[in-house]
Amino acid sequence: MSKIYASFKSIGAYVPERILSNSDLEKMVDTTDEWIIKRTGIKERHLAAEDEVTSDLGAKACALALSRSGVSKEEIDLVLCATVTPDYFNMPSTACVISDKLGIRDVQAFDISAACSGFVYLLSVAKAFIESGMKKNVLIVGAEKFSSIVDYTDRNTCILFGDGAGAAVISATTDKEEGIIDLHASADGAYADFLVTPAPGTVNPVSQKVIDQGLNFVQMKGNETFKLAVKTLTKDVKEILAKNKINSNDIPHFIPHQANYRIIKAVGDALKMKEEQVVLTVDKYGNTSAASIPMAINDIWESGRLQTGELMLLDTFGGGLTWASALLPFSGKANK
Ligand code: ACO
């Protein structure tokens, strides 16, 4: 029997309409447009409407990815969602809600929690299910209503995050040229306190204390996270490229997690990447956590920059701490 590979068949994303600009933030906290651009590269981010929840964002991205994949919803046999802002803490899973909204029935569906690394983690799960022969067509989605866990009086965090979703269909193929080449995902819980939402959970169940102390909001050790992000992202890429004997100059699309322009620039420079190789969306979306990488892939596909068969190098880093990198061709149809 010929070996089975996992191919990245399509991409889709959803960006909520409402824009929160730096000048809007100037009216909310003690910050300036100049500081935010200089320190992060972010100009604006999109926020979901009040009645728009994570599964709404995710279902819209999934519908687009499905329609572009040539795979029918009846052929999907696994639905996976990465999110740290699920519809419910913690059941039903957002993957179940999304499946229902899309009319995908009687398939395995579950969520994973790997913060900003969520989408590449999903790719690793989809790859394993497909290569083992257990599943044929996996719908994966990174979806976040991050604004629901942001304290808009905390200038250290509220300037950084946005809402959105990005999805892809990953399918079985016997054509090695179409398959995911390599993927590496890892974590180190010793740095758990760098990025944390202390409640709700068994450590801090919902209580008056949680409300009074705002423990339901994201807390971040920004500077420490920044330094570790640059180090880990660079090391991860160097390792995956060396292992596969690929030169960084031969990567047409380096798609790093979009957390901060300075992190992306430092990693790109360390890898001697040219500006045109590095995909940047942080200026218009901010950090959308698990949705960040698929939203960026969708941007370059919709603009015609990403062509069928071209190599993508994904590299991400997030709460947990988690990190992951992947080397794969885009195996979907051309965007005509
Ligand atoms: N406006 C103006 N001043 C500010 C703001 C703001 N919005 N935020 C912080 N400052 C001040 C600080 O109070 C500090 O002032 P002080 O020197 O008087 O104490 C000064 O600016 C410098 O603060 P730092 O935190 O050292 O600033 P830094 O250059 O590190 O930038 C930032 C902060 C943007 C948060 C950066 O550290 C960063 O991007 N960190 C990484 C985030 C990240 O990668 N997260 C990973 C993924 S997220 C996930 O998984 C969900």
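Student: Where does the largest pocket lie relative to domain 1 and domain 2?
Tutor: Between them, because domain 1 (5–176) and domain 2 (182–329) both give residues to its lining. Domain bounds come from an automatic or database domain assignment. This is a predicted model: local features need pLDDT of at least 70, side-chain atom pairs count only at pLDDT 80 or more, and totals for chains, interfaces and linings use all residues. Residues are numbered from 1 along each chain as its sequence is written, and side-chain values use heavy atoms, with hydrogens and water left out.

Student: What counts as a pocket?
Tutor: On a 1 Å grid over the protein atoms alone, a pocket is an open set of points where a 1.4 Å probe fits, with protein on both sides within 12 Å along at least five of seven lines. Lining residues have an atom within 4 Å of a point.

Student: What is the volume of the largest pocket?
Tutor: About 690 Å³. That is the space filled by probe spheres set on the points, with grid points joined across faces, edges and corners.

Student: Which residues lie nearest its centre?
Tutor: Thr-83, Val-84, Phe-89, Ser-113 and Thr-197, out of 29 lining residues. Strand 5 (108–112) and strand 9 (195–196) are the elements that give two or more residues to this lining. Strands (E, at least two residues) and helices (H or I, at least four) are DSSP runs, numbered from the N terminus.

Student: And the second largest pocket, how big in volume?
Tutor: About 560 Å³. Its lining has 26 residues, with Leu-160, Met-220, Gly-222, Phe-226 and Asn-260 nearest the centre.

Student: Which helix gives the largest share of that lining?
Tutor: Helix 8, with six residues. Domain 1 and domain 2 both contribute to the lining, so this pocket also lies between them.

Student: How many bridges join strand 12 to strand 13?
Tutor: Eight, and the two strands run antiparallel. Met-312 stands opposite Leu-328 of strand 13.

Key: Two strands pair if DSSP finds at least two bridges between them.
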